[in-house]
Amino acid sequence: MQATSPLASNDLAGVIVGETALSDVQGDSGSLNYRGTPIADLADKPFLIVVWYLLTGDWPTDAEHQQLAQFMRSQQALNNTEIALLQAVPEGTHPMLVLQGLIPLLNPVEEGPLAPAANQGLAIAAKISALIAALFRKEQGLTAITELPETDFHRRFLFMLRGELPRDDEVATLDTTQILQMEHSFNAGTFAGRVCASTEAPLQSVISASVGTLYGRLHGGADQAALAMAREIGDPAAAAKWVNQRLAQGQKIMGMGHREYRTLDPRAAILKPMALARCTEPNSRKLLDTLVAVEEACQAAFAERGREIHANVEFYKGAVFNSLGIPDHYFTALFAMARVYGYIAHFLEFKQHSRLIRPRAKYIGTVPSQ
Ligand SMILES: CC(=O)SCCNC(=O)CCNC(=O)[C@H](O)C(C)(C)COP(=O)(O)OP(=O)(O)OC[C@H]1O[C@@H](n2cnc3c(N)ncnc32)[C@H](O)[C@@H]1OP(=O)(O)O
Ligand SMILES: O=C([O-])CC(=O)C(=O)O
């Protein structure tokens, strides 16, 4: 029988539940680093170099970088079984549900540039990009692209999506956005994955559990929800009224606020100028200006109550993805496509000192009669 101790925490806010050397989120100062390197110094590096660094803690040599690039290409094309699985997905299924459902069915190889479990993770990561691209094409009645050009990872991803090679500025934008989203300590999705890993479930189950957790709009799904909000508002001039009405109804403004950051999310600080530089076409600019007006209105409303609120990584990311021609309902899937490297890194780290995670609940139900 369990002791009836008082409820300690029902949301784990501020509760330390483990250790990590992968990333540090400093909420008060608004800083983030991966393995000791500030996010701003990582944002412009080649994507796979940051992947290697996150997974191993070392910068790759040129040869290692090449090996990783070759491995990712070799694992990226979908095979016939994977294409058939995708074909069986009911029309209209959200890409995040597709990923959560199909990731456990992948059969990743163990041989590759790193240790077997890391290679399996990388193979899953490569397949995730291919699943997203193939699903995007399936929605348009197009077949999956399986002849893959020998080029950088995200250039190939955009090629698999569009059927034509993207411009350099588009690849650079996607590289930076994906680096910014790669890892974030014990966020809900990563923590769900650690819980799953603690039962000794395989990596596919761990990543699937994390992806399912990322989908919700209080977490990764806020990217799609924030742009949907801007589309609904439609015009910067309408933003303040809309925001004040929603707040008066006790509703949340998507993409604003954070459990850890008490100031601007350092990723939003990079994404906002990127969005401003990229969204020059009138419609996308109007959407972006609406987001800027929402941020200002939300901050003004909080300031009136003597409080602060700031944009998180989700707020401006949609405008950046929009400028790359990514439809709104794929934003969170692209988040998963980046965050998967964080999930893999946590899996590898957790496995070094694995113990079942099993908290206790305070029972408040009926007590059996004697
Ligand atoms: C990748 C990511 O996961 S980043 C986060 C993505 N999620 C979102 O953008 C969804 C919108 N934001 C939110 O819902 C919240 O800010 C969360 C879930 C991210 C963080 O929530 P918590 O840590 O629980 O903060 P909490 O909700 O306690 O916020 C404190 C107060 O600010 C309010 N608040 C926080 N965020 C918002 C928001 N976006 N809109 C309106 N009010 C907000 C809360 O209602 C609460 O008010 P109260 O004290 O009067 O009840
Ligand atoms: O850390 C969190 O709670 C949410 C977040 O910003 C992320 O997962 O990137």
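The following legends describe close-up views of a predicted model.

**View 1. The two annotated active-site residues.** The unreviewed UniProt entry places the feature "active site" at His-258 and Glu-314. These positions are spread over 57 residues of sequence, yet they cluster in space, with a largest C-alpha distance of 10.3 Å.

View 2. His-258 is found in the loop that runs between helix H12 (239–248) and helix H13 (266–278). With a relative accessible area of 27%, His-258 is partly exposed, because partly exposed covers the range between under 20% (buried) and over 50% (exposed). A polar atom of the His-258 side chain lies 2.9 Å from the backbone nitrogen of Glu-260. When neighbours within four places in sequence are left aside, His-258 is in contact with His-184, Asp-265, Arg-267 and Asn-312.

**View 3. Surroundings of Glu-314.** Glu-314 lies in helix H15, which comprises residues 313–323. The relative accessible area of Glu-314 is 3%, so this residue is buried. Beyond its neighbours within four places in sequence, Glu-314 is in contact with His-219, Gly-220, Gly-221, Ala-222, Asp-223, Ala-226, Gly-255 and Phe-335.

**View 4. The shell of residues around ligand 1.** Ligand 1 is surrounded by 21 residues, of which the closest are His-219, Ile-253, Gly-255, Met-256 and Arg-259. By residue type, the shell around ligand 1 divides into 10 nonpolar, 6 polar and 5 charged residues.

View 5. An N or O atom in the side chain of Lys-252 is 3.0 Å from an oxygen atom of ligand 1. For Ile-253, a backbone N or O atom lies 2.7 Å from a nitrogen atom of ligand 1. For Gly-255, a backbone N or O atom lies 2.8 Å from an oxygen atom of the ligand. Taken alone, ligand 1 exposes 900 Å², and the protein buries 69% of that area.

**View 6. Arg-194 and its contacts.** Arg-194 has its place in helix H9, residues 188–198. Its relative accessibility is 7%, and Arg-194 therefore counts as buried. The side chain of Arg-194 reaches the backbone oxygen of Glu-19 at 3.4 Å. Not counting residues up to four places away in sequence, Arg-194 touches Glu-19 as well as Thr-20, Phe-186, His-346, Glu-349, Phe-350 and Ile-357.

Conventions
Residues numbered from 1 in each chain as written. Chains lettered and ligands numbered in written order. Predicted model: local features only at pLDDT ≥ 70, side-chain atom pairs only at ≥ 80, totals over all residues. Heavy atoms only, no water. UniProt positions renumbered as here; feature names shortened; annotations may be inferred. Helix = DSSP H or I, 4+ residues; strand = E, 2+ residues; numbered from the N terminus. Buried < 20%, exposed > 50% of the residue type's maximum accessible area, 1.4 Å probe, protein only. Contact = heavy atoms within 4.5 Å. Polar contact = N/O pair within 3.5 Å; in protein donor to acceptor, adjacent residues only side chain to side chain. Near = heavy atom within 4 Å. Areas by Shrake-Rupley, 256 points an atom, 1.4 Å probe, with all protein chains shown as cover. Nonpolar A, V, L, I, M, F, W, Y, C, P; charged D, E, K, R; others polar.
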